[in-house]
Amino acid sequence: MPTTSAPTRYSGIAQVFHWIIAALIVTQFTLAWMADDLPLGARKLGLLARHKSFGMTILMLAVLRLLWRMFNPAPPLPAGMAKIEKILAKISHTAFYVLLFAMPLTGWLMSSAKNYSVSWFGLFTWPNLIGKNQDNFDLLRATHEYLSDALFALAIVHILAALKHHFWNKDDVLVRMLPFKKPEKRR
Amino acid sequence: MRPCSMILFAAAAVSAANLWAAPVQAAPMQAAPMQAAPVAYNADPQTSKLEFVGVQAGAEFKGVFHKFTAAVDFAPDALAASRLDVQIDMNSVDSMDKDRDTTIHGSDVFDVAHFPTAHYVTKSITKTASGYSAVGSLTLHGVTKDVPIDFQFAALGSGAKLDGTAKLKRLDFGVGQGDWKSTEWVADPVKVSFSLVLKPKT
């Protein structure tokens, strides 16, 4: 039995991290898809410039979020969950953290290999991580795209799992990440 | 009449005194600026550099021109007759990315098919506190406009080194048509730098 002081919900800070990063990831997919459809040109350059700025924002938030998470563990999963479910949840959440770093880092490396330095909203420029090399760029670009497919699939699983917890299991797994919502008497 | 005579007499006396005191030094001091002629150099194509830095999507990028010729007539004491004359092969531009190079060569940017060369020639050179500055006319993308440059000159043995910078606005020369006219993703100002290794003309 958890003690009365054990958290049952994600804290406000954890929720802010979760929802801001979620919104940024949706933005990133949208910008990337829009850019993919365009030929080389100023418009594509502009979309990708925003994509890079948001990507570096996600990387900075991911660092802060990971640090914060290390000192503020997530509330425990519902007791009724099977052990395999808890393991799968742990794996998927860890995979999210890995991708939160891997996506922007492969993007940053990709830009470096292309010799297109990454600016952060025109305010400052991030240093190139590696030298210009077209082969490395092609490899990193492919990696960035495969990882984005993985992230997309993981996000779908994540959303479906949250809905399944809410409507099927009727536990508090979804609600405890929702702001402005009082915890209900759920398992 | 008397004050005039006095002045003439005084002037004659001073001239005489000068001739008497230092006839050898006096003559070259007056003749030197007339006699000094600039040394004629060519920039060594292997070691000389011509580069530019633009701003793309908020981040700087560098480009180089691999092929250009620079004829320099220069002597610090003969600035009036000194000049720089640079011919740039626009096809040799290299921004270290093939996609960007394709765009830069293309009709919306340098349009090298129609404007294969650029030309810069100085009109006047003046001494500054830290080196020299010059105003010259740059013909780029078919447009001719004055562009000032700042440079340092250092004689090295029989040759010399001439390093300098310039700032120009690409849109003054129509470099950037269509979507590239916007300065939202490619800034208007471009920094140019050059480092010429000069060898005397033979």
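In which sense do strand β9 (residues 143–156) of chain B and strand β10 (residues 159–169) of chain B pair, and over how many bridges?

Analyst: Keep in mind that this is a predicted model. With that said, β9(B) and β10(B) pair in the antiparallel sense, and DSSP gives them eight bridges. To find your way along the pair, take B:Ile149, which stands opposite B:Ala166 in β10(B). The two strands form a hairpin with two residues between them, and in that hairpin B:Gly157 takes a positive phi near 60°.

Now follow β10(B) to its other pairing. Strand β11 (residues 189–200) of chain B also pairs with β10(B) in the antiparallel sense, over 10 bridges.

Chain B has three helices and 11 strands. Going along the sequence, their order is α-α-β-β-β-β-β-β-α-β-β-β-β-β. Of the 202 residues in chain B, 25% are buried. If you take the contacts in chain B with a separation of 6 or more, 54% are between residues 24 or more positions apart.

Chain B also touches chain A, through a contact that takes 15 residues from chain B and 17 residues from chain A. On the chain B side, the elements giving two or more residues are β3 (59–65) and α3 (98–105). The largest share of that side, three residues, comes from β3(B). By class, the chain B side divides into six nonpolar, four polar and five charged residues.

Over in chain A, there's a helix pair to look at. Helix α2 (residues 42–71) of chain A and helix α3 (residues 83–114) of chain A pack at an angle of about 140°, and their axes are 9 Å apart. That angle is why α2(A) and α3(A) count as oblique to each other. The crossing of α2(A) past α3(A) is left-handed. From α2(A), the residues making the contact include A:Met56, A:Leu59 and A:Leu66, while those from α3(A) include A:Tyr97, A:Phe101 and A:Pro104. Sorted by class, this helix contact has 11 nonpolar, three polar and one charged residues.

Definitions and conventions:
Residues are numbered from 1 along each chain as its sequence is written. Chains are lettered from A and ligands numbered from 1 in the order in which they are written. This is a predicted model: local features need pLDDT of at least 70, side-chain atom pairs count only at pLDDT 80 or more; totals for chains, interfaces and linings use all residues. Two residues are in contact if their C-beta atoms, placed from the backbone, lie within 7 Å. Helices (H or I, at least four residues) and strands (E, at least two) are DSSP runs, numbered from the N terminus. Ala, Val, Leu, Ile, Met, Phe, Trp, Tyr, Cys and Pro count as nonpolar, Asp, Glu, Lys and Arg as charged, and the others, Gly among them, as polar. Two strands pair if DSSP finds at least two bridges between them. A residue is buried if 20 or more other C-beta atoms lie within 10 Å of its own, exposed if 12 or fewer, and partly exposed in between; C-beta atoms are placed from the backbone. Axes are lines fitted to C-alpha atoms, for helices over the stretch in contact, and angles run from 0 to 180 degrees between N-to-C directions. Angles under 35 degrees count as roughly parallel, over 145 as roughly antiparallel, 65 to 115 as roughly perpendicular and the rest as oblique. A crossing is left-handed if the near helix is turned anticlockwise from the far one by less than a right angle, and right-handed if clockwise.
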